[in-house]
Amino acid sequence: MKAKPSRPGTIPRRLTSATRLLTRPGPALLASLLAASSLANAAVIEAVRTSSDAQRTRIVLDTDSAANYAVFTLSNPERVVIDIDNSNANTLAAQNFSGGHNGPLTALRHAKRGAGDLRVVFDLSRKVTAQSMQLGPDGGYGNRIVVDLVELGAGAGAESPDKAPVVASKPPARPAAIAAGDEMLTAPTPAPSTITPTPVPVQQAPAPAVARTTPSAALPQPAPSSAPASGGSGIRNMFSRFDRAMATFDPIGKHVRQPIERAVPRLQFRGFLRQWSDVLLERNGPIGTVNQDFRFLQLQNLFELETSYHVADGIDIKGIAHGLYDGTYDWQDSRGLYADSLDRTAEVYNTSERVLRELYVSYRKPGFDLKVGKQQVAWGKMDGQFIDIVNGMDRRESVQLESEDYEFRRLPTWMANSTFYFGDTTVQTLYVFDFEHDRNPLPGSPWASPLAPTSTTNIVLPTDRPEAGNFSDHEYGIRVDRAAGALTYGFIYMYAWDKNPVERVLGTSVQNGNTVLQVRAEHKRLHHAGATMDYGMTFQNVPVVGSLPTVFRVEALYTNGVRFADFEKRAEALAGSSTDGMSTHDTVRAAIAIEFGLPHRTTLIFQPSWYQTLNHKEGLGAGFGGGFGDEWSFIPVVFFSRPFAFTRDRLNMDLTLFPLIGGSDSGWGGLKTKLRMTYKFSQFVKGHLIYTGYDTGSSTDLYGQYNQWDNVGWELSYEF
Amino acid sequence: MNSESGKGLGRTLIYGCLPGLLLVTCSAFAADSWRTVANFTAEERALYDPATSTPRDTTIPYIPAEPYPFEAPYTAEEMGFRQAEFVHISRWDYLMVDAFGVVTSSGYINQGASVGYIDNPGQTGLMGYITGTKPGEVYGKWAMYDVFPPESENTQQLWFPARTDIENRSKMDFFVYSPSLRRVRRQPEPRRDQRFPDNSQTFDDVLGRDPWELAWEVIGSDTLYETMRFPSTRQTIVLNIDGQGFVEKPTSSIKMMGDDCPYYRADGGLDAWVLKATTKPEWLPDYNEKYYVLWLEKNTFFPLRIEKYGKDGRLMMVEERLGDKSNPALGDFGYASFSSMYWNVDHDLIGYSFHDGHTLREWTDEEVEMIFSAEFMRREWLIEPIKSQVLIRDPAEWFLRPHLYPERFPGHRNMTLSPEIDARYRAQEAAGRVVFESGGDH
């Protein structure tokens, strides 16, 4: 908004310190020159036009230049007054309006005020409110002063221009001293300063290319509005104010990130704050080996900081740190929750291993990448984990660990990761010299399986894990990807450790007269070979939806040498046979995903997923990649997602169904249902409301065991 | 017009009568800014060929036989082809940062910024698209690297747009890299007439509609004095200009087609043809949009304003552009839409897309091989960062809803707004800045 220029005509009435200078004898010449200059630019009223509809009447004064003016209404009788500084109305004639489309207008009068100002008065038949604006030349029209007379009760929108003080003119508070005939044209006495309405500043002078205003404003609008510009509803108004406040809410970005990045141009700095809470719908007490005397499954607060420093061309250092606190163990009174006493990281990340999540140096050349350090590598294209086998996972949420959580639940490990680029083909090699095993729900944690025994009579020796210092314990992997038109495909091989140890029977002992097993959990070597592929196409002329963009994804992993706990053999061991209590089988897990792009920004994915233990036999425990407690398991996942246009897509709903079927013994294994509503509060803040239910299936099934873990969760995240 | 005799007559009219016509034209424009075809000036009649059926190309039957870029007088179809030169992503090789966003009527804003690397191999321009690529083949490679908002940082997209015809309708092969998933995925191509989530732009607003998918009609001429409007609350803008770096410019100094355009009238306006383009059902079955009204700058045919109407005839969207001669070597074909605004009238969404830091670039074979491949995205390597400061900090600084011009071409245009939107529009016009449901005050 440009400062309103001083006008000589206003000086006597506004004795500001600045204008007083102009009244002194010394600057009098300057003042008179200014006055002359201004008068030379007097705004001449060239025409008056009016139009009217049921709710408002528009008066348009066509002027030959921009003007300083003020608009206000007076009562007894009702009038609207337009004071125009430094103007004349040579072409303006008094006139009477009679009915028709003139709304409340009954007559037009005008007279000079003071030295060169003009007052135009419209007599009205009834009380109205007045709004005004000034428009610049446009579309064949010149400068215009537009006054809208809005019928009382025509809606709050009639008041809306008071939200727009740039050009809107509000009638001044009218002191009681003002007589009814203050604007009487026959006696153009300068109005006392006390009743001079605040002049409306001249709208910013329109530049040729911008800031022009539409001539349509001077014409009857096609859709006369009774609706308020500002919504009219208090709730909408409140939400709107909230939205506008949230739009600029980025305190860490503004006050931390930006200053740091300005100070250290080579440094990139970002992160997020996230709060997750899940609460059980019911507290169910003892269930299997779990005492479900708690409500909150998680009250997690995660803070991530990611920094990246550009050392030199092609060389960067990246670090990611996490701080996590889960209030589940502190903020509710529960005897069933005690995992924090077994492993403190269940409650808070208090070890450097957990806090320093990733730290690696990368070296890049056009055809080559090398990353050395602690990092995570995600292989594959599918939702879920099929060839995503490189890193261990923190599976503290058990069956409620979702694909979008993998980024924060993978356990980065130290490795050298190199990739070679040969046109459409890439070759990645991994040399993993550290090992991270999976972290499964601990006894006494919210997601501890009710099927898991909390104690054993066996003699359990410390777990034997691969060691970083032992060259023979290191892991190796290779991945090859290739693109060929609409088809991309890839293959992986990894010589790795099973992320979960299996108990090996070392022998038996007699304790208190009973024979017990002596066991040690051990990780075993696995050979993984996998493939991934995707293909895109668009079906045409599909009924209802017309075109149907579709992508097919396929992923499969064959694993050789998976050890399973074999309960038949363990029984034989107890009976005195010489056996390690394990069986070795190969497994296959695979999925096909078909993703459809439906109308209204709707996505539908159907992803049948298969898990098979080859040469299966009865009495096997869990093993990598195989069926869940059975020979095979089948989960035909259905995912549906769409935003709601009435929220301008800020609200999104997605529904995922995970039905489980097992064979050859178990049959129906239960249904997991996840319904999530996501709402974007701003560019930086997002919230989720999630219902997750576990239904049907027996208490020994993967989902069935959690039948009484139905929960509602909310998540709030701020990214900066 | 395609016959030689027709061309000859046209040229005679143009060159023989031009001085007199100019006088007539000037006086006519002074009187009014828009005219229907029936009221065309003599100059306009000389430049416009009303023929609706012209000879076809022998190899590509859906394009005119007359060699592109055609000669005056122009048929409506020829103008339609010429405007197709100026799609949202220019038809040459360059890099830029695309700052984009939308504001809702409540004041919620959603913005993004992506560094874009554009490779359009082969012949540049519309003819490169039409004749340089066979239907079904990929004609470009566009890599977009998100740098804002924080949630999207390092997200990348790779677009392989394809030349289409009635048999080959798939517009694009499309990959996304999500850093939160750490995965590169092929995605279903977006539906053409569907706006992007949380945005007012549709896929076809970005990719452009082929001129042969529309039936063209000239409905008049007009003069525009402004297109994309800055609010009074945004007096300056910092642009990243190739070779100059960040330059702060008064928003009032930004012209509709840049400073170098020679076609401004003395009063600053740009004369435009006004065309109506109706979707052909056989080419665009089940398409959500029925017709468009376009204001094309008279000399270059650069679209200054595009209105979109639905099947029920309602106004769906208004797009306005600021152009710039970003590729001077191409002359009148070198204009780029360096900034566009998209007002989705259905939802009162005001969107924009600002192509800042436009830099012409010849990609080496090595770069093409490296950058424009899906697996490259996994490297999270922003090889050539370009910065921009055009993102809008506050909803109060948002671009204004565009003009309505309800009195112009009333037989073809329906400017009816819902009462609420109309009220906000009026309040905006009074305020000089966007007015939200909670008003326009700070």
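A:T647 lies in the loop that joins β31 (632–643) and β32 (651–663) of chain A. Strands here are DSSP runs of E with at least two residues, helices are runs of H or I with at least four residues, and both are numbered from the N terminus. The model is predicted: local features need pLDDT of at least 70, side-chain atom pairs count only at pLDDT 80 or more, and totals for chains, interfaces and linings use all residues. Residues are numbered from 1 along each chain as its sequence is written, chains are lettered from A and ligands numbered from 1 in the order in which they are written, and side-chain values use heavy atoms, with hydrogens and water left out.

The relative accessible area of A:T647 is 14%, so the residue counts as buried (under 20% relative accessible area; exposed is over 50%, partly exposed in between; 1.4 Å probe, protein chains only). Its side chain reaches the backbone oxygen of A:F644 at 2.7 Å.

Helix α8 (residues 567–574) of chain A is capped at its N-terminal end by A:D566. A side-chain oxygen of A:D566 lies 3.0 Å from the backbone nitrogen of A:E568. Just after α8(A), A:G576 has a positive phi of about 110 degrees.

Chain A also holds an open sheet of five strands with antiparallel pairing, in the order β3-β4-β8-β7-β6. Its edge strands, each pairing on one side only, are β3 (69–74) and β6 (95–96) of chain A. Two strands pair if DSSP finds at least two bridges between them. β6(A) is joined to β7 (residues 105–113) of chain A by two bridges in the antiparallel sense, and A:N96 stands opposite A:A107 in β7(A).

| Item | Value |
|---|---|
| Residues in contact (heavy atoms within 4.5 Å) | 110 of chain A, 92 of chain B |
| Buried area (accessible area, 1.4 Å probe, lost on being put together, summed over both) | about 8600 Å² |
| Salt bridges (side-chain nitrogen of Lys or Arg within 4 Å of a carboxyl oxygen of Asp or Glu) | 16 |

Carbon and sulfur atoms give 48% of the area buried between chain A and chain B. A:R244, A:R648 and A:Q683 supply 10% of the area that chain A buries against chain B, more than any other three residues. A:K686 forms a salt bridge with B:E151, where the closest N and O atoms are 2.2 Å apart.

Conventions: A polar contact is a pair of N or O atoms within 3.5 Å; within protein, one must be able to donate a hydrogen and the other to accept it, and residues adjacent in sequence count only if both atoms are side-chain atoms. Buried area is the accessible area (1.4 Å probe) that two parts lose on being put together, summed over both.
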